[in-house]
Amino acid sequence: MTTAIIARFQLDYGGFALDVDLNLPATGISVLFGHSGSGKTTLLRCMAGLQTPQHGFLQVNAKIWQDSAQALFLPTYQRPLGYVFQEANLFPHLNVRQNLQFGLKRIAKTATPVDLDLAHICELLGIQALMQRMPDRLSGGERQRVAIARALALKPEILLMDEPLASLDFKRKQEILPYLSQLQQELQIPIIYVTHAQQEVAQLADYLVLMAEGKVQAAGTLAETLSRLDVPLAQDREAATVWQARVLQHDHHYHLTRVSFAGGSLDLPLLNAAIGSPLRIQIYARDVSIALQAPVATSILNVLPATITNIAEAQPGQTIVRLEVGGQAILSHITRKSAVELDLKPGLPVYVQIKGTSILN
Ligand SMILES: Nc1ncnc2c1ncn2[C@@H]1O[C@H](COP(=O)(O)OP(=O)(O)OP(=O)(O)O)[C@@H](O)[C@H]1O
């Protein structure tokens with residue numbers, strides 16, 4: 001991982017304390033995930049210079065924005081960042097184009113090497129046709145896409161997003177998520193994205209930071225962090241791993257699509273996606289079962305050789321098993337009785353049977 005951001009903050013509100021020491025990658029979406037009140041927004045506000053912690057150090061790329069040890073603190077307006085809030089906060093008396101142009105003058109003063117072409121940004125966010133519209137004539141999802149474009153128009157070196165989808169209903173969220181995935185693939189700047197929605201984590205995160213009570217509980221690539229048995233996510237009923245895959249071939253006769261991932265290939269229900277296109281595949285731990293031998297007669301299409309790496313107790317009577325399939329981690333929730341009867345142990349070679357998958361993009 002090429003580190004772009006080093007963030008160390010200690011802040012005490014009296015009743016709540018933030019204490020973090022984080023290195024975040026140079027590209028992709030780093031998601032800050034945690035329960036309400038875990039300190040995600042406070043951390044984001046510290047990065048933006050909207051909060052003044054007792055101790056703070058923030059380095060973005062090679063530049064130090066803040067270092068309390070040397071009394072250095074760049075005010076927010078001198079930090080080349082974009083900030084997207086839960087509500088779009090567009091200027092109601094300006095149309096979309098004027099909203100996007102607002103504040104552009106600032107760029108001349110704080111020009112950065114990052115060259116984001118505004119027209120390209122509008123195209124990525126699908127808002128080219130909305131330029132003349134007033135904000136009250138936009139849907140919630142459109143307003144939020146304009147707010148994201150407005151933040152990017154300032155050519156930031158990082159984009160901070162605080163629950164940008166939280167005020168949207170399910171349908172609007174689904175409408176905007178593909179745009180965010182597209183941005184993540186095209187933009188060369190790091191995005192720090194706050195959410196408490198597990199689905200957004202699975203769909204967007206490249207890097208995942210779990211926060212609890214003002215501290216970082218775990219941080220790492222999405223695959224690493226989702227499959228850690230020592231953090232609550234793996235114990236959750238909704239525990240899942242996410243694999244990056246590519247479309248290999250379509251089988252129109254059986255209505256199946258074969259995709260490849262780092263550890264092999266999977267057959268999925270027929271997808272409407274071009275050969276070679278990238279996909280995220282979510283596999284719930286409850287949909288993965290374990291067999292000691294390769295099953296000879298099974299209706300399950302996806303059976304893969306795997307090795308057990310860790311085992312932990314989950315709910316009463318439940319065991320969670322972490323396995324690797326060609327280096328890719330996968331979780332399986334099974335009954336404790338099965339774990340004992342099969343005598344499962346770390347290092348044991350087994351087979352995983354994947355009963356179902358969801359495609360996230
Ligand atoms: N200005 C403030 N003064 C005192 N306490 C504050 C202040 N701002 C936030 N807090 C407290 O700090 C804690 C962390 O709040 P924060 O908004 O960072 O959490 P969060 O994880 O972003 O939560 P949510 O998901 O609900 O937005 C909360 O207990 C909150 O009440």
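## Terms and model

Two strands are said to pair if DSSP finds at least two bridges between them. Strands are DSSP runs (E, at least two residues), numbered from the N terminus. The structure is a predicted model, in which local features need pLDDT of at least 70, side-chain atom pairs count only at pLDDT 80 or more, and totals for chains, interfaces and linings use all residues. Residues are numbered from 1 along each chain as its sequence is written.

## Strand β3 and its partners

Strand β3 spans residues 29–33. It pairs with β10 (residues 207–212) in the parallel sense through 4 bridges, and V31 lies opposite L208 of β10. A parallel pairing also links β3 to β9 (residues 191–195), here over 5 bridges; within it, I29 faces I191.

Of the 5 residues in β3, 5 are buried (20 or more other C-beta atoms lie within 10 Å of the residue's own, with C-beta atoms placed from the backbone). In a regular strand, side chains alternate between the two faces of the sheet. In β3, I29, V31 and F33 point one way, whereas S30 and L32 point the other way.

## The antiparallel sheet

Five strands form an open sheet in the order β16-β20-β17-β18-β19, with antiparallel pairing. Its edge strands, β16 (288–291) and β19 (328–335), each pair on one side only. The twist averages 45° from one strand to the next, where axes are lines fitted to C-alpha atoms and angles run from 0 to 180 degrees between N-to-C directions.

V288 has I354 of β20 as its bridge partner.

Key:
Buried ≥ 20, exposed ≤ 12 C-beta atoms within 10 Å, placed from the backbone.
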